[in-house]
Amino acid sequence: MLRVREYASVTDTGRQRRANEDALFARAPVFVVADGMGGAQAGEVASTTAIEAFGEGLPERSPEQALAEVIQTANARIHEMSRSDVHRAGMGTTVTAAHVGEHDIAVAHVGDSRAYRWRDGELERLTEDHSLVEELRRQGKLTAEEAEEHPQRSIITRALGPEPDVLVDTASWRAQAGDLYLLCSDGLTSMISEDAVAEVFAGSASDEPLESVARRLVAAANDAGGRDNITVVLFALEEVGGGTPAASPDDQATIAGDDAPTAAQIRAAVQDAEVAASDAQARRLQPRPPETVPREETFGRTRVRRVLIAVAVALFLGIPILFGAYAASQAVYFVGSSDGFVAMYRGLPYDLPFGLDLYTLNYTSGVPVEAVPEARREELLDQSWRSRGDAADLINQLERGQIATVPDP
Ligand code: MN
């Protein structure tokens, strides 16, 4: 049976943000990272709300279902807060949560905070980002390298908060003693490559405390610019109790299986009583079978019926997707100019034919474009996609002279 040998967590504001809107939970066997967004501390409220939901414990379900249920609860709370308080409108958070069972690790996530496994000198990403760039990569429109470097890689397509319900991705993997898991916010992975993360792991001695490894990851992200809040949670697994995975789940009800338990095993079992109790529900967890599409013959009437169903489904799904795409575009902001002044726009910086714009002017600042140092004008007013908080932050800094008056390096 597996348990967490050691864990560590570090969260850092980074070099450019004024506040840390990331939050984390680390208490074996559950680990969580949340990356909040929204102006005026709303992002902090959102990520903290998600984390607090985990502090209340997991419901009695399979680990995947339990994690997903806590995430749903957190989503409902965040959504309700964002509806009832105008200062919190539009707030949201990512969440990536892991549960260590006796033989498996379950992960549930929404957004672009990630889970990785380091095993036998190889780093494997366990989660797929719910981000615009990742969608484009999946559609083959971007390569993995392009996606990693893309300027709009922080735009997410799924978060806790915006909707009353949220779709949670869950999965489980067989775990091994010696596995090291990493949960992180995008402040790590948008600043340093996965190869750089792997290098940090490869370069750590087996007796290096995880706390120090976590600090080195955060330092690497800061050295690369630290443009976002950085959160790193690490946990390593070890084998205890001497039992190997039993064939039938019921066999595992006794700690040592057929063999009489040794004194060490009993000690480990006592130490682990709490973990084991919370994992009692986990025993029935099996690795998920690969998804298969059921096939059937498609002749005559079946086929006609299928076409009709397809049309109905297309209509049923198509309309919400169009609305969804519109809603998603409204979550995007960019900074540009309006009549010679720096301005914030909501929507996407594109014009469609027939005079249709995908954006509306949201706010015009009192800062003339000429007041922005020429060398930085292009970079700051490049109409790149930003979150509302980012765009507002940038304008705020310009208005307060934090950027305009700083001489160029
Ligand atoms: Mn972030």
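**Figure 1. Helix α7 and its surroundings.** Helix α7 has 14 residues, and its first and last C-alpha atoms are 20 Å apart, close to the 20 Å expected at 1.5 Å a residue (the expected span is 1.5 Å times one less than the number of residues). Helices (H or I, at least four residues) and strands (E, at least two) are DSSP runs, numbered from the N terminus. The model is predicted: local features need pLDDT of at least 70, side-chain atom pairs count only at pLDDT 80 or more, and totals for chains, interfaces and linings use all residues. Residues are numbered from 1 along each chain as its sequence is written, and side-chain values use heavy atoms, with hydrogens and water left out. Buried residues of α7 are Leu 210, Val 213, Ala 214, Leu 217, Val 218, Ala 221 and Asn 222; buried means under 20% relative accessible area, exposed over 50%, and partly exposed in between (1.4 Å probe, protein chains only). Their cover includes β1, β10, β11, α5 (186-189) and α6 (194-202). The helix, residues 210-223, lies across β1, β10 (180-184) and β11 (230-239), and runs at about 150 degrees to β11. Contact means heavy atoms within 4.5 Å. Axes are lines fitted to C-alpha atoms, for helices over the stretch in contact, and angles run from 0 to 180 degrees between N-to-C directions. After α7 comes Gly 225, with a positive phi near 130 degrees.

**Figure 2. The five-stranded sheet.** An open sheet is formed by 5 strands in the order β1-β11-β10-β7-β8, with antiparallel pairing. At the edges stand β1 (2-12) and β8 (122-125), each with a single partner strand, so one side of each has no neighbour in the sheet. From one strand to the next, the twist averages 20 degrees. Two strands pair if DSSP finds at least two bridges between them. Strand β7 (residues 114-119) pairs with β8 in the antiparallel sense over 4 bridges, and Arg 117 stands opposite Glu 124 in β8.

**Figure 3. The manganese site.** Asp 35 (OD), Asp 186 (OD) and Asp 228 (OD) coordinate the manganese ion at 2.1 to 2.2 Å. Asp 35 belongs to strand β3 (residues 30-37) and Asp 228 to the loop between α7 and β11, so this pair ties together parts that are 193 residues apart in sequence. Donors are N, O and S atoms within 2.8 Å of the metal (3.2 Å for Na, K and Ca); water is not among the atoms, so sites may look incomplete. The spacing of the donor residues in sequence is D-x150-D-x41-D. Asp 35 counts as buried, at 8% relative accessibility, and Asp 228 is buried with a relative accessible area of 10%.

**Figure 4. Two backbone details in loops.** Most residues other than glycine have a negative phi, and most peptide bonds are trans. The peptide bond from Ala 28 to Pro 29 is cis, with omega near 10 degrees. Pro 29 is in the loop between β2 (22-27) and β3. Asp 120 is not a glycine, yet has a positive phi of about 50 degrees. This residue sits in the loop between β7 and β8 and counts as exposed, at 72% relative accessibility.

Figure 5. Gly 389, Ala 391, Leu 394, Ile 395, Gln 397 and Leu 398 are the buried residues of α12; they pack against β12 (333-338), β13 (341-352), β14 (356-368) and α11. In the order β12-β13-β14, 3 strands form an open sheet with antiparallel pairing. Its edge strands, β12 and β14, each pair on one side only. Neighbouring strands are turned against each other by 40 degrees on average, direction ignored. Strands β13 and β14 run antiparallel and are joined by 8 bridges; the bridge partner of Ala 343 in β14 is Thr 364.

**Figure 6. The surroundings of Arg 386.** Arg 386 lies in the loop between α11 (374-380) and α12 (388-399). At 17% relative accessibility, Arg 386 counts as buried. With neighbours within four places in sequence left aside, Arg 386 contacts Ala 331, Val 332, Tyr 333, Val 335, Glu 379, Leu 380, Ala 391 and Leu 394.
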